[in-house]
Amino acid sequence: MKYTTATFATAMCNVLPAITFLLAWILRLEEVNIWKVASQAKIVGTIVTLGGATIMSLVGGPTIGLPWTKHHQNVPSTTTTTTNVVSPNELNPVKGALFIAAGCFCWACFYNLQAIALKKYPAGLSLTSLICMAGALQGTALTLVLQRGNFGIWSLHWGTSKFYASLYCGIVNSGIGYYVSGLIMNVKGPVFVTAFNPLNMVIVAILGSIILSEQLNLGRVVGAAVIVIGLYLVIWGTSKDQKSSKILVNTDENVEQVNKELSEVKSSNQTVIIGDESV
């Protein structure tokens, strides 16, 4: 955020599904065959979802007058009056893009590592507890280093919005979020989980319009529609791949069963022949 704008950072963070998809492909966590329609749908859906998130972040357009936002049309935005605007001379888009890409790469590695860990350690609650405990220890160590002598940083601020926001992030975002994503990841894979990441922008835009009376423009609506189309393609491709893999597994099991029956018949025939020869 120090080297780029908020809009640019939001758009760049939506490359997470694409990076996760590439890593899962390399690590053989995701079955991809570019000659199959299902795999093509997953690839195109990931690209379309990224494009929709970019449209929501970068494209404006005329304001859509909704009934619950009309009385706020003439009110100036609070973000433009209270937020400190960074000077263009202080911006460094290249450095900012590299930092954001590195963060998204680490986040994608975390999702793929969680998928690998769940295969060998399927206890989702225990794994979530270990992840949260490791994050708490790392955050504590980093705070001790960066905030030396600032003891006020450890204040809980009981009853304030900051306290409830921290409580919500710890319980819902970290605890429940990691556990639920692990359950889905164990069945659908890491790409399916991260494909819904750009949907956060759609939910925030809708809730912001209803609760905070924020105005929606045409770019956000078009971007949200594109994101929904991309998610549908990813979901459809994943379901098709799972159905085909189940069919292959069933056919392999049937072949093994037939081979066992044939071997049993051959062994019984051999015993009968040996018995006849002895007689």
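1. Let me start with L183, which is partly exposed at a relative accessible area of 46%; here buried means under 20%, exposed over 50%, and partly exposed in between, with a 1.4 Å probe and protein chains only. L183 sits in helix α7, residues 161-188. Helices are DSSP runs of H or I with at least four residues, numbered from the N terminus.

2. A word on the basis: this is a predicted model, where local features need pLDDT of at least 70, side-chain atom pairs count only at pLDDT 80 or more, and totals for chains, interfaces and linings use all residues. Residues are numbered from 1 along each chain as its sequence is written, and side-chain values use heavy atoms, leaving out hydrogens and water.

3. Now to helix α9, residues 199-211: its 13 residues reach 18 Å from first C-alpha to last, close to the 18 Å expected at 1.5 Å a residue (1.5 Å times one less than the number of residues). M201, V202, A205, G208 and S209 are buried in α9. They cover an arc of only 135° around the axis, so they lie on the same side of α9; the arc is that of the directions from the helix axis to the C-beta atoms. V204, I210 and I211 are exposed on the other side of α9.

4. Just after α9, S213 has a positive phi of about 60°. That residue may deserve a look in your viewer.

Conventions
Helix = DSSP H or I, 4+ residues; strand = E, 2+ residues; numbered from the N terminus.
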